[in-house]
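This report describes selected local features of one protein model. The sequence and structure are shown first, and the description follows.

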Amino acid sequence: MPIRFATQADIPDIMGLERHAAAASHWSLEQYEAAFSGEAPSRVVLIVEEESGVQGFIMGRALGEEWEIENIVIAGPARRRGLGTHLLKEFLGVARGRGAKAVFLEVRESNLAARRLYERWAFVESGRRRRYYREPEEDAMTYRLGLA
């Protein structure tokens with residue numbers, strides 16, 4: 001399953017996946033265009049493709065030696081096949097290679113599949129952000145992974 005760096009041309013596919021994922025962070029076209037503009041903060045977007053097209057993506061940003069995973073989405077029919085694991089592994093490799101000492105993220109409290117994935121990769125729950133998400137309103141659980 002090929003994983004590659006996304007380009008601005010991939011924005012429609014990324015937005016299509018994200019719009020159909022209830023637990024995903026939903027961004028506007030302008031936010032995605034800014035993410036690919038090359039301006040600070042530096043972002044990494046990886047996608048996993050199959051013959052049928054883009055099946056998932058992970059997006060994160062570098063904030064000095066700390067990185068943040070901003071979004072990870074797998075297409076509904078492609079879930080439970082290890083694609084999220086492969087994307088996360090590749091992302092962490094890129095982060096390490098670029099000098100990251102830690103990676104952090106927020107995830108909906110109810111998104112147990114994602115929370116289990118992060119915990120399998122040794123992310124540690126580090127806090128809670130009350131009513132962080134909207135539609136529906138929900139707490140965010142924060143996780144951190146030390147890479148040093």
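## Strand S3 and glutamine 55

The side chains of glutamine 55 and serine 52 are joined by a polar contact of 3.1 Å. The model in which this pair is found is a predicted one. Glutamine 55 belongs to strand S3, which covers residues 53-63. With a relative accessibility of 10%, glutamine 55 counts as buried, because the buried class takes in values under 20%.

## Strand S4: glutamate 68 and isoleucine 74

Strand S4 comprises residues 66-74, and glutamate 68 is placed in it. Glutamate 68 has a relative accessibility of 9% and therefore counts as buried. Its side chain makes a polar contact of 2.8 Å with the side chain of arginine 61. When residues up to four places away in sequence are not counted, glutamate 68 touches Met59, Gly60, Arg61, Leu63, Phe91, Phe104 and Glu106.

Isoleucine 74 is likewise found in strand S4. Its relative accessibility is 13%, so isoleucine 74 counts as buried. Isoleucine 74 and histidine 20 are 54 residues apart along the chain, and their C-alpha atoms are separated by 9.7 Å.

## The loop between S4 and H3

Proline 77 lies in the loop that runs between S4 and H3. At 77% relative accessibility, proline 77 counts as exposed, because the exposed class begins over 50%.

## Packing of helices H3 and H4

Helix H3 spans residues 83-97 and helix H4 spans residues 112-120; the two pack at an angle of about 45°, and their axes are 11 Å apart. H3 and H4 are therefore oblique to each other, because an angle under 35 degrees would count as roughly parallel and one of 65 to 115 as roughly perpendicular. The crossing in which H3 passes H4 is right-handed.

On the H3 side the contact is made by Gly84, Thr85 and Leu88, and on the H4 side by Leu117, Tyr118 and Arg120. Sorted by class, the contact of H3 with H4 holds three nonpolar residues, two polar residues and one charged residue.

## Alanine 122 and strand S6

Alanine 122 is placed in the loop between H4 and strand S6, the latter covering 124-133. Although it is not a glycine, alanine 122 has a positive phi of about 75°. Its relative accessible area is 47%, so alanine 122 is partly exposed. A positive phi also occurs at arginine 131, where the value is about 50° although this residue is not a glycine. Arginine 131 lies in strand S6.

Glycine 127 has its place in strand S6 as well. With a relative accessible area of 26%, glycine 127 is partly exposed. Apart from neighbours within four places in sequence, glycine 127 is in contact with Ala140, Met141 and Thr142. For alanine 140, which is 13 residues from glycine 127 along the chain, the C-alpha separation is 8.4 Å.

## Glycine 146 in strand S7

Strand S7 covers residues 138-146, and glycine 146 lies in it. Glycine 146 has a relative accessible area of 48% and is therefore partly exposed. Leaving aside neighbours within four places in sequence, glycine 146 is in contact with Lys101 and Ala102.

Glycine 146 and alanine 122 are 24 residues apart in sequence, and the distance between them in space is 8.7 Å, C-alpha to C-alpha. Both ends of this pair are partly exposed, with 48% for glycine 146 and 47% for alanine 122.

Terms used:
Residues numbered from 1 in each chain as written. Predicted model: local features only at pLDDT ≥ 70, side-chain atom pairs only at ≥ 80, totals over all residues. Heavy atoms only, no water. Helix = DSSP H or I, 4+ residues; strand = E, 2+ residues; numbered from the N terminus. Buried < 20%, exposed > 50% of the residue type's maximum accessible area, 1.4 Å probe, protein only. Polar contact = N/O pair within 3.5 Å; in protein donor to acceptor, adjacent residues only side chain to side chain. Axes fitted to C-alpha atoms, helices over the stretch in contact; angles between N-to-C directions. Parallel < 35°, antiparallel > 145°, perpendicular 65-115°, else oblique. Left-handed = near helix turned anticlockwise from the far one by under 90°. Contact = heavy atoms within 4.5 Å. Nonpolar A, V, L, I, M, F, W, Y, C, P; charged D, E, K, R; others polar.
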